[in-house]
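Welcome! Please take a moment with the sequence and the 3D view, and then follow this short tour.

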Amino acid sequence: MNLPLSAMATPGLFISFEGIDGAGKSTHIDALARAFEAQGRAVTLTREPGGTPLAEKLRALVLNDTMDAMTEALLVFAARRDHLQQLIEPALARGDVVLCDRFTDATFAYQGGGRGFDLHTLSFLEQLVQSKRGLEGYFVRQPDLTIWFELAPDIAARRLAGVRVPDKFEAQPAAFFSRVSEGYLQRLQTDPQRFARIAAANSRETVWLEVLRAVRQKGWLT
Ligand code: TYD
């Protein structure tokens, strides 16, 4: 088969970043974007919920309005569908490195772990929303690598205290974040190859070196 040149170009990469609120993802996401750009890669920086005009509207609802856990899960997945269709899939098709601040693991951790919503329903929604037609039929889109910044909830709470007005999730008690962490751990256990688990209590420099190591191990940065 003769593939067009674009289909043979550098494949896109999809990297997600996870952790409880206060785990300190943001600076490392920006630094990683610069590292990829320095090696000539085009980077799409994005976040969830959000990343498109529609998904950002849904984000505002999810982060600020009180709603039951199923409504919350449906809104998060609706935002994800739009984000995948409008932004992530086109960026991957162009060969971009997509760096996404949170993805579906956050739904399993926050709505599943934190709020106790049914994990089977979340799995069903994941299959539905992330299914994508590829060259060999349908597959479920997942990040190629997920960097999990693991931090004890009490340390995260101290980091967040006084920094800004907390949103709906940031205002939750420590027990909520313990369940969120447990949710992340369960997700890691179902797909350990996809995850890099990084101890986020260490210094920023140490954490950055771990982030770099995880990406280099995949052969994506020299
Ligand atoms: P966050 O990514 O921490 O952004 P910021 O740094 O601007 O606060 O905030 C997003 C919040 O949304 C966070 O508390 C986790 C929550 N969330 C869910 O509950 N479910 C999801 O599926 C996603 C992606 C995020």
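Strands here are DSSP runs of E with at least two residues, and helices are runs of H or I with at least four; both are numbered from the N terminus. Please keep in mind that this is a predicted model.

## A strand residue with two partners

Let's begin with Thr-146, which sits in strand β6, covering residues 145-150. Is Thr-146 buried or exposed? Its relative accessible area is 0%, and the cut-off for buried is under 20%, so Thr-146 is buried.

The side chain of Thr-146 takes part in polar contacts. One joins it to the side chain of Ser-16 at 2.8 Å. Another, at 2.6 Å, links the side chains of Thr-146 and Arg-194.

## The ligand and its surroundings

The space it takes is the largest pocket.

How many residues surround the ligand? There are 18, and the closest are Asp-21, Val-76, Arg-102, Thr-107 and Gln-111. Sorted by class, the shell holds ten charged residues, six nonpolar ones and two polar ones.

## Arginines facing the ligand

Several arginine side chains place polar atoms by oxygen atoms of the ligand. For Arg-102, the distance from a polar side-chain atom to a ligand oxygen is 2.7 Å. In Arg-59, an N or O atom of the side chain lies 3.1 Å from an oxygen atom of the ligand, and for Arg-80 the corresponding distance is 3.3 Å. Taken alone, the ligand exposes 550 Å², and the protein buries 91% of that.

You will find it in the loop between β3 (97-101) and α5. Its phi is positive, at about 80°, although Arg-102 is not a glycine. With a relative accessibility of 12%, Arg-102 counts as buried, because the cut-off for that label is under 20%.

## A cis peptide bond

Another backbone feature to look for is the peptide bond running from Glu-48 to Pro-49. This bond is cis, and its omega is near -10°. Pro-49 belongs to the loop between β2 (43-47) and α3.

## Two glutamines to compare

Where is Gln-86? This residue lies in helix α4.

Gln-172 has its place in the loop between α7 (153-160) and α8 (174-190). Its relative accessible area of 31% falls between the cut-offs of 20% and 50%, so Gln-172 is partly exposed. A polar atom of the Gln-172 side chain lies 3.3 Å from the backbone oxygen of Lys-168. Gln-172 and Ala-161 are eleven residues apart in sequence, and their C-alpha atoms are 12 Å apart in space.

Methods. Residues are numbered from 1 along each chain as its sequence is written. This is a predicted model: local features need pLDDT of at least 70, side-chain atom pairs count only at pLDDT 80 or more; totals for chains, interfaces and linings use all residues. Side-chain values use heavy atoms; hydrogens and water are left out. A residue is near a molecule or strand if one of its heavy atoms lies within 4 Å of it. A polar contact is a pair of N or O atoms within 3.5 Å; within protein, one must be able to donate a hydrogen and the other to accept it, and residues adjacent in sequence count only if both atoms are side-chain atoms. Accessible areas come from the Shrake-Rupley method with a 1.4 Å probe; for residues, only the protein chains shown count as cover. On a 1 Å grid over the protein atoms alone, a cavity is a set of points where a 1.4 Å probe fits but cannot get out, and a pocket is an open set with protein on both sides within 12 Å along at least five of seven lines; lining residues have an atom within 4 Å of a point. A molecule sits in a cavity or pocket if more than half of its atoms lie within 2 Å of its grid points. Ala, Val, Leu, Ile, Met, Phe, Trp, Tyr, Cys and Pro count as nonpolar, Asp, Glu, Lys and Arg as charged, and the others, Gly among them, as polar. Buried means under 20% relative accessible area, exposed over 50%, partly exposed in between (1.4 Å probe, protein chains only).
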